[in-house]
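Here are my notes on this model, as numbered points. Please read them with the structure open.

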Amino acid sequence: PQGAAETLAWAGASPGGLLPPLLLAVPVASAYFRGGGVIYARQARDGLLGLPAEALQGIRSASEPYALLLARAVRERLGATWGLSETGASGPTGNRYGDAAGHTCIAVAGPLERVITLETGRDDREANMWTFTKAALELLEQAEYGHLAAWEAERPSLTFMHYVCDRAARRIEGHLANSNPLLQGLEREPR
């Protein structure tokens, strides 16, 4: 596949540690996955990402600006091509900012930046964690294709990050097939 020199770093909160094992299960993970962390509390954010207090002025957790800040920080901190992050409320209740369970903001920073907000409308914690993980993979894939100016046009030959995202998404599907019935509707759309 093309793009094998591209690397990825992760900083996520609500899905816990679901994404890194999916990435590590893909062969040659050490060639593309720089690492990352579960940024679940301020102590993790400060210790792992080293963000200065002034960078956080006027930004709250579980927001698009915060997700983008995390993606940029983990990318820079680990020297990766792409930084991917997530911040939200997996459930069963919302967060202290008034966001309902199932709310997440996901960002990718790299040669192209993208940020999305997703509302699942569910309070099922595990279902939301898997949904957020899958959405993060899809956003990374879209950003890579956007960077290649091919997302809207006919897709080029398989890129390396697409290969990684596809393999990880298939592992999610395997989990979904053997898991909670609420998760059954999350199968990957055909390409």
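1. Val28 sits in the loop that joins helix H1 (19-24) to helix H2 (29-32). This is a predicted model. Phi of Val28 is near 60°, a positive value, and the residue is not a glycine. Val28 has 52% relative accessibility. It counts as exposed because the cut-off for that class is over 50%.

2. Ala62 is the other backbone entry of this kind to check. Its phi is also positive, about 60°, and it is not a glycine either. Ala62 belongs to the loop between H3 and H4. Is Ala62 buried or exposed? Ala62 is buried, with a relative accessible area of 2%. For context, most residues other than glycine have a negative phi, and most peptide bonds are trans.

3. Next, a peptide bond. The one from Gly91 to Pro92 is cis, with omega near 10°. Pro92 is placed in the loop between S3 and S4.

4. Now the charged pairs. How many salt bridges does a search of the whole structure find? It finds five. Side chains of opposite charge can pair when their charged atoms come close.

5. Arg42, Arg45 and Asp46 are linked in a network of salt bridges. Within it, Arg45 pairs with Asp46, and their closest N and O atoms are 3.2 Å apart. Arg45 counts as buried, at 13% relative accessibility. Asp46 counts as partly exposed, at 34%.

6. Asp99 and Arg60 form a salt bridge through their side chains, at 2.9 Å from N to O. Asp99 lies in the loop between strand S3 (82-89) and strand S4 (103-109), and Arg60 in the loop between helix H3 (42-49) and helix H4 (64-78), so the pair ties together parts 39 residues apart in sequence. Asp99 is buried, with a relative accessible area of 12%. Arg60 is partly exposed, at 30%.

7. Glu113 forms a salt bridge with Arg72, with 2.7 Å between the closest N and O atoms. This pair links distant parts of the chain, 41 residues apart: Glu113 is in the loop between S4 and strand S5 (114-119), while Arg72 is in helix H4. Glu113 counts as partly exposed at 36% relative accessibility. Arg72 is partly exposed too, with a relative accessible area of 41%.

8. On to the largest pocket. About 490 Å³ of space lies in it. Which of its 22 lining residues are the closest to its centre? They are Tyr40, Ala41, Ser61, Gly88 and Tyr97. H3 and S3 are the elements that give two or more residues to the lining. S3 supplies the largest share, three residues. By class, the lining divides into nine nonpolar, nine polar and four charged residues.

9. Last, confidence. The chain averages a pLDDT of 84, and 81% of the residues score at least 70.

Key. Residues are numbered from 1 along each chain as its sequence is written. This is a predicted model: local features need pLDDT of at least 70, side-chain atom pairs count only at pLDDT 80 or more; totals for chains, interfaces and linings use all residues. Side-chain values use heavy atoms; hydrogens and water are left out. A salt bridge is a side-chain nitrogen of Lys or Arg within 4 Å of a carboxyl oxygen of Asp or Glu. Buried means under 20% relative accessible area, exposed over 50%, partly exposed in between (1.4 Å probe, protein chains only). Helices (H or I, at least four residues) and strands (E, at least two) are DSSP runs, numbered from the N terminus. pLDDT is the predictor's confidence in each residue, from 0 to 100. On a 1 Å grid over the protein atoms alone, a cavity is a set of points where a 1.4 Å probe fits but cannot get out, and a pocket is an open set with protein on both sides within 12 Å along at least five of seven lines; lining residues have an atom within 4 Å of a point. Grid points are joined across faces, edges and corners, and a volume is the space filled by probe spheres set on the points. Ala, Val, Leu, Ile, Met, Phe, Trp, Tyr, Cys and Pro count as nonpolar, Asp, Glu, Lys and Arg as charged, and the others, Gly among them, as polar.
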